[in-house]
Amino acid sequence: MVKFGIEFVPKEAYWKTVYYAIQAEKRGFDNLWITDHYNNRNVYVTLATTAMYTKKIVFGPGVTNPFLVNPIMTCQSLASLDELAPGRVALGMGAGDKTTLASTGIEAKKQLSAVVDAITIFKKMLEGKSVTYEGNVFKVEGTKFNFKPRGQIPVYIGAQGPKMLAVAGKIGDGVLINASHPKDIDYAVSQIKKGVSEAGKSMSDVDVTAYTSFSIHEKPEKALKAASPVVAFIVAGSPNVILERHGIEMEKANKIRSALGKGDFGGAFGSVTPKMMEAFCIAGTPDMCNEKISRLLKAGITQFVVGSPVGPNVRKSIDLISEEVIPQFK
Amino acid sequence: MSYKKIVEMIPVEKREKLSDKLLNYLLKAKKENKMPSSLAKCFLSQWQTGGFGDVIGLAVLLEATVTVEPEKTIEFVETEMQLAEVAKALKEAA
């Protein structure tokens, strides 16, 4: 049965994010993902507080990266969270956004190797033994916690490119695919299968997760309006190969990139086309959203994540999803 | 007057509408740092264990909203909800 997850960006006071986390649990979501960016509230403070006010929802950073937070510290944080909320913790690990990392003075080199190293160290450290490992990016020597972690924690890898998707299939328990369109999921699943096959695993061993941009409202125009700023940023940050996959003209994408670069948000958001909305978000009435979710399920996902903006009114949108969407698939 | 007493002045049939509006004000409030930590914890505990539909829950929500968004809350109670006495009590409590 498909799982439903939800993503929150902890840009507001902790009590607002945790309010929504409690609401998500009450309304039937299975997973909660909190983004990890240095310029928002700290992900682990948010998750620890969430742990105190929830009982069953599974949660984790979605996603952290090994460049800004050393994998040993990520492991320490997750193992500590697993004591607060036993069996309810998951790790989401990605390569990080190069531009954001550059603003902190970090050069994200060898991203694929860095993620592989980080996850290898993470899994070994969780065993509670002394770890010595030399990877291409990270190495540890005789590293050991002074406490015994409770056990293994599921690892989800944030992936979009072919190599990272294959690695995710090979070493991950799940894959967080930043995509909202069946074309992207089809492509991702084909790459994940390569890694799964290489590892001698089965696809049922991997939680294939669509990490979507989502917006729901009874009035479609309101849902679309809420989603267009997010889509503008997705278009600006997407590799050209993905824009081409969806038939989006470079000229129009570059117009958005240029406007965002100048801080002209109105110009950027106003330049988002219907084709871009179709490619990069799921937005509309419950029926419209359900139809698109069905297509992603057919493409092979096993978890659907409701990502930003969720809707024009987050609280009411969560209720709407609970009433009109989740029951259609569970 | 305590917030519990103030809530008891509100007709039962108007409480759901009030609760819905207060949550909107609170979750969209810009001056979120006005929320004291102790009240934030009380607000989250109430949401986790009971919600804001009963007298105790609505009292917690009302206190939180009056603390963070006093003008909007009192104006709504006075003009939209037509509860002048409740608005007066809230002004004194704020």
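Residues are numbered from 1 along each chain as its sequence is written, while chains are lettered from A and ligands numbered from 1 in the order in which they are written. As the model is predicted, local features need pLDDT of at least 70 and side-chain atom pairs count only at pLDDT 80 or more, whereas totals for chains, interfaces and linings use all residues.

## Chain B

Chain B has 6 helices and 0 strands. Helices (H or I, at least four residues) and strands (E, at least two) are DSSP runs, numbered from the N terminus. From the N terminus on, the order in chain B is α-α-α-α-α-α. The radius of gyration of chain B is 12 Å, close to the 12 Å of the globule rule for 94 residues, so chain B is as compact as a globular protein of that length. That radius is taken over C-alpha atoms, and the rule is 2.2 Å times the number of residues to the power 0.38. The C-alpha trace of chain B spans about 30 × 25 × 25 Å along its principal axes.

In chain B, 34% of the 94 residues count as buried. A residue is buried if 20 or more other C-beta atoms lie within 10 Å of its own, exposed if 12 or fewer, and partly exposed in between, with C-beta atoms placed from the backbone. Contacts also reach along the chain. Among those in chain B between residues at least 6 apart in sequence, 72% join residues at least 24 apart. Two residues are in contact if their C-beta atoms, placed from the backbone, lie within 7 Å.

## Where the chains meet

Here 10 residues of chain B are in contact with 9 residues of chain A. On the chain B side, the elements giving two or more residues are helix H2 (12–27) and helix H3 (37–49). H3(B) gives the most, with 5 residues. By class, this side of chain B has 7 nonpolar, 2 polar and 1 charged. Ala, Val, Leu, Ile, Met, Phe, Trp, Tyr, Cys and Pro count as nonpolar, Asp, Glu, Lys and Arg as charged, and the others, Gly among them, as polar.

## Helix H1 of chain A

H1(A) covers residues 14–26. At 1.5 Å a residue, its 13 residues should span 18 Å, and its end C-alpha atoms are 18 Å apart, which agrees. The expected span is 1.5 Å times one less than the number of residues. H1(A) is mostly covered, with 11 of its 13 residues buried. Among them are Tyr14(A), Trp15(A), Ile22(A) and Glu25(A). The cover includes S1, S2, H2 (43–53) and H14 (314–329) of chain A, together with H2 and H3 of chain B. Just after H1(A), Gly28(A) takes a positive phi of about 100°.

## Strands of chain A

In S1(A), 5 of the 6 residues are buried, so this strand is largely enclosed by the rest of the structure. Two strands pair if DSSP finds at least two bridges between them.

| Strands | Sense | Bridges | A bridge partner pair |
|---|---|---|---|
| S1(A) and S2(A) | parallel | 4 bridges | Ile6(A) and Leu32(A) |
| S5(A) and S6(A) | antiparallel | 3 bridges | Glu134(A) and Lys139(A) |

S5(A) and S6(A) form a hairpin with 4 residues between them.

Val155(A) lies in strand S7 (residues 155–159) of chain A. Val155(A) is buried, with 21 other C-beta atoms within 10 Å. Leaving aside neighbours within four places in sequence, Val155(A) is in contact with Leu91(A), Met93(A), Ile119(A), Phe122(A), Gly172(A) and Asp173(A). Val155(A) and Arg245(A) are 90 residues apart in sequence and 29 Å apart in space, C-alpha to C-alpha.

## Two domains in chain A

The domain assignment of chain A gives domain 1 (1–153) and domain 2 (166–307). Such bounds come from an automatic or database domain assignment. The C-alpha centres of these two domains lie 22 Å apart. Their contact takes 15 residues from domain 1 and 12 residues from domain 2. On the domain 1 side, S1 (3–8), S2 (31–34) and helix H5 (111–126) each give two or more residues. S1(A) supplies the largest share of that side, 5 residues. That side has 9 nonpolar, 4 polar and 2 charged residues.
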